[in-house]
Each structure stands twice: as structure tokens, then as C-alpha cells.
Amino acid sequence: MAITTVPGTTRKPGRPTPPHTGPQRTSLGRKVRDNLTGHAFLIGAVLCFVVFSWYPMIRGIVMSFQRTRRGETTWVGWDNYSRIISDPSFWPAWQNTLYFTVLALVLGYAVPFFVAILLNEFRHAKGYLRILVYLPVMLPPASALYLFKFYAYDPSEAGLFNAILKALHLPTSQWMQSAEMTMPAMVIASTWMNMGGAVLIYLASLQNIPGELYEAAELDGAGIWKRIRHVTIPQTRLILALLAMIQIVATMQLFIEPLILANGAGAEDSATSVAYLIYQHGFFQNDLNGAAALGVIMLVVLAGFSAAYLRLSAKQD
Amino acid sequence: MAQDSGTRTLISHAQLRRGRGRFIYWALLTVVVVGFTLVFLGPLYWMVTGALKSGQEIAQTPPSLFPKDPQPQNYVDAWNNLDLAKLLFNTFYYAAGAVVFQLVLDTAAAYSLSKLRPMFGNVILALMLATLMIPAMVLIVPQYVTVIDLPIVHINLLDSPFAIWLPLVANAFNIFLLKRFFDSIPEELMSAALVDGATPLRTLWSIILPMSRPILGVVSIFAVTAVWKDFLWPKLVMPSPETRTVSVGIYAFAGGTPMNVVIAASVIAAIPTVIVFLIFQRNIMSGLTTGSLKG
């Protein structure tokens, strides 16, 4: 190294730096010290990632190929995978989870966006409407779901939804007791209690759209729908894309809704989700290895989604 | 809100003030205000009054709009049987700790990644962001196994608040938000501070943090909401009744408790956060809508 190290520059991070360090001070020692300082600030968060995220990720994959019985761990190849796939609830769980993901994308993803567009147009009662939309987010999730379970989805006519349907002379529903209605009912409850956050995030990005764009579009004769299509959506594309990904990851983990609304499996396995199956195997059937294998399968499916998604968005550009 | 009425949105102001546009605007506004009140406030009304009804009244058809014979005893039973004071205290304690740990460690990390830029910083950031793609459910089993026997030190964190606090620090989304915000702070401020002889810590404390209040607010809100909304993880790592969170406590009791008492417990559990939310709603809303994400 041609650069000479100035003695005493490898100080511990946090010490005051003398002002006006000359050009010769950009030396190796200085670089080392700056790096140490940088890493000192990083270390806390990085350790948490190592212990609670990166290491468990690898450990999950390792566990899925092992079996621990009476404290003895052995390698078992694909045994855990074949056991979990032959679980009679495996395919229904995937079907239900994907069905929920699709329904939640239609309802839970599109609705907040249009609600945000609507709220953004109003010049009155803005604060009130925002508070209303965000209020359910403040409820403990178990509370919100018991509310739906006991009052809204009561299969008799004493239930709120059935009372409304009856008053409108529409056929009533068995809700959680009927295999067909289970998933839509869960999506409704889930959207109601979670959409507030998404609405506020959309509102934030809508407010950043320059007004001139709308003006220009209007001068070009674009109607409201055209303006939404050609101004609003392209301008919020990044946020729309980010929230779509976050939503898919979130809906794939559907757990508390089936647990509380449907007592886990629901009528004819219509509520069992993949996450619920992981929970069942891991913490009730004493099969942590099988649960880990199902987790890895979930990860692979999600990686497939992401790859397809990245391809699609790359094509659009 | 009057202050943002100056910006042009989808439909121009002029159009909304003229005859037909004006009528449609007011009609739509009325429909939305009434509709939203019914959809979002209605269920809460149903919850508060439903918990006052007797067992027979709840089962009656059609359901009654007002409780005929209010039973405040349901609320008293809920408070006593579920030990709600304890559950609420636990939840707030975990939430407060989560805020402190995330603010300190995630802010320091984001500051380092944005301004100090040490070697391999980008690799670390990429590895962190990769975890956004991994659903918590995938990690739940190995994470649980890790928490009951931490590697190297062999400590069992079950029933310890650290089992909630530390995994939450590994939050790539918050680090990403903070880093993006710090990135927007001009570099000249940093070099000016350096010339004045300020250490990186001092720069963070007296220059960066005071400028970053909105984003720190957003991260705090996310931290509280994460603890408040999480269910399975606290259920697994806080197994004893003394350390449970509200959501888990209500679930644990729901099995053998009459449903109006369960709903009464839900109402009581919701009150403190709703009050906190209403007090701070201005800050929460402006934090969420201006400070966080720009698309």
C-alpha cells in the first residue's frame, strides 16, 4: 500500500473527529475507522436479523429434511414433505388459501384504492371519513372477529346480516356454516378490519400527483375514467405494485380468520388455510419438522409468484 | 381539511361548484358519509349495545336495535373474569418496548446504510429487503425453535418480552422507510456537521433526528400496530396467562364464556386504543399520509 496510515486514526467510533482533516487523512486507517463506525450503528439491527430472520430461514430448510424423535435428530430426506402432502387437508388448505388471496385481491385491494380516490375528491368531512375508515384497524383482531362471528354471521335470523337480507327480501345465508360462503365471509371481515391502512397509504400517494397532469388530461378531452386510467394509476404505480406484493404475502398467511370465525377447519374443511395447517402440525401434532416442510413449500410457491410478478412488470416497461 | 383544498385533483373545483357538478358532489358526499358511518361505526355500535343485551335478547328475531333490559353486569364480568387490566397492561408494555427497540436499532441501522455507507452496506440492505418476501408463517416454526433455545447463549425466551421485542427489530420495511427518508436529507448538511467536528452519533442526534420526526412517528405507529395486531406469535411465545396479550387472552377465554361477555371484553379491550387513536389521530393521519410513502 502506497498510502501510509496516520497513527492514532483507528479510534473507537463515537470519539470526536478533529476538524479539517487534510487530504492525507483519507487513508487506510480512516477508511477502517469509518467502516467500523458504520458497522457499529448497524450491528444491533443486523444481529436481530441474523438470530430471528436469516438463521431461522436456513434452519427451517434444514429442519424440513430432518426428524427429531425423543431428542434424537436424524436426516430423513423427503419424508416430511411426503407426509405433509398426503395430509388430507393439504390440497383443501392450498385451494382455500389461494381462493382467499384472489378474493382479497379483488375486494381488499381494489376497494381501498377506489375509496381513497373518492375521499381525495371530497372537500368536506375529510377528517371524519378518514377516522371512520381507520377505526377498525384499532380494534384487537380477535375482538373484531368475534363481533363478526357472533353478531353478523349468526346463521339464524337473529344475525345482523341475515336480518338485513331478510328486510330486503333477499335469501338469507348460513354464513360460516355453509362451505360456499365461508371464504367470502372471511374476506369481508378481513377487509373491514384491515383496509384502513391501505386507504391512508393510497391517499398519501394520490396527494403527490401534480394537479397539472389532470388539467392537461382534461384539456385533451379525457373523461373521469380516462383520467383515472391514464393519470391516477400510472402516477401511483409504484405504491400499487408494492401494496399488491405486501397484500399477497399477507393473505397467504391467513390464520386468525379461520381460527376464530370457523374454529379452524370450518364446514367440510372449507376454512383450513396453509398457515393453519402449519400451526396444527407444528404445535398440536408434535410435528415441527412437517410444519417446517410446509413452510418451505409456502416459500417456494411465493417465490414462484414473485418471479411471475417481476416478469409481468418487466414486460410492461 | 381546508389547507389542501388548493391542489387540483381528479375533478376540478370549478366543475364541482357549477350546477350539476355541485348537485352530484353533495349527493355523493351525503351517500358516502351515511354509508361509511353505517359500515364502520355501525358494527361498533352493535358491539357496545350487543354486549349489554341478555342471552335471550341476543337470540331474538329480528335483532333489537336498543337493548331493552341493559345488563351492565356483562362488562363487570368481562373485566373481572378475563383479568383485562393485566392483559391490557401486558399489551401496552410490549408495544412500548417494541417502539423503543425499533426506534433505536432500526434508526441507527438506516442512518448507517444511508449516510455512513460502510463496506457491504448494500449487501446487508439487500439481504434485509429479501426478508420482505418471506411471510412470517414460513419462519414461525424455526423462529419458535430458536426462541426457546437461543443459539450459542442457550437462553429460553418464552414468557420474556424480549421474545416479542427483538424479532420485531428485524423489520426490513421500517428500515427501508427510514433509509429513504434519510436519503432525502441533503449530503451538505452531513459534511457541514463533519467539518464542525461532530461525530456520526452527534450528527444523527442533533441534525438527522430532529428533521425526521414525521418518519419516526410513522415507524412508531407501525411498531405499535404490529404488536397490537399480532396474534399467533404472542400466543406461542407468551404461553402463561400472566404474560398474555389482549387478543390472545380474549381468544383463550372465548371457549367457556357466554358470548355477550366475550363481546363486552372486546369492547373494553378496544376502548384504550380507540381513545389513544382519537387523541393522536391528527398526528397519526398526517404522519401516515405525508411522511411515509411517496409513489
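Biologist: Why is Ser184(B) called exposed?

Modeller: Ser184(B) has 11 other C-beta atoms within 10 Å. Exposed means 12 or fewer, buried means 20 or more, and partly exposed lies in between, with C-beta atoms placed from the backbone. So Ser184(B) is exposed. This is a predicted model: local features need pLDDT of at least 70, side-chain atom pairs count only at pLDDT 80 or more, and totals for chains, interfaces and linings use all residues. Residues are numbered from 1 along each chain as its sequence is written, while chains are lettered from A and ligands numbered from 1 in the order in which they are written.

Biologist: Where does Ser184(B) lie in chain B?

Modeller: It sits in the loop between helix H9 (172-183) and helix H10 (187-195). Helices are DSSP runs of H or I with at least four residues; strands are runs of E with at least two; both are numbered from the N terminus. Thr37(B) is 147 residues from Ser184(B) in sequence and 39 Å from it in space, C-alpha to C-alpha.

Biologist: What are the domains of chain A, and how far apart are their centres?

Modeller: Domain 1 is 26-80 and domain 2 is 90-271. The bounds come from an automatic or database domain assignment. Over C-alpha atoms, 37 Å separate the two centres.

Biologist: What makes a set of residues a nonpolar core?

Modeller: The members must be buried Ala, Val, Leu, Ile, Met, Phe, Trp, Tyr or Cys, joined through C-beta atoms within 7 Å. The largest such core has 162 residues, and Ile250(B) is among those with the most contacts inside it. Helix H7 (residues 182-207) of chain A brings the largest share, 16 residues.

Biologist: Which residues of chain A does Ile250(B) touch?

Modeller: Pro140(A), Ala142(A) and Ser143(A). Contact means C-beta atoms, placed from the backbone, within 7 Å.

Biologist: How many residues does each chain give to the contact?

Modeller: Chain A gives 98 and chain B gives 95. Helix H1 (residues 28-63) gives the most on the chain A side, with 22 residues.

Methods: Contact = placed C-beta atoms within 7 Å. Lists of a residue's contacts leave out its neighbours within four places in sequence.
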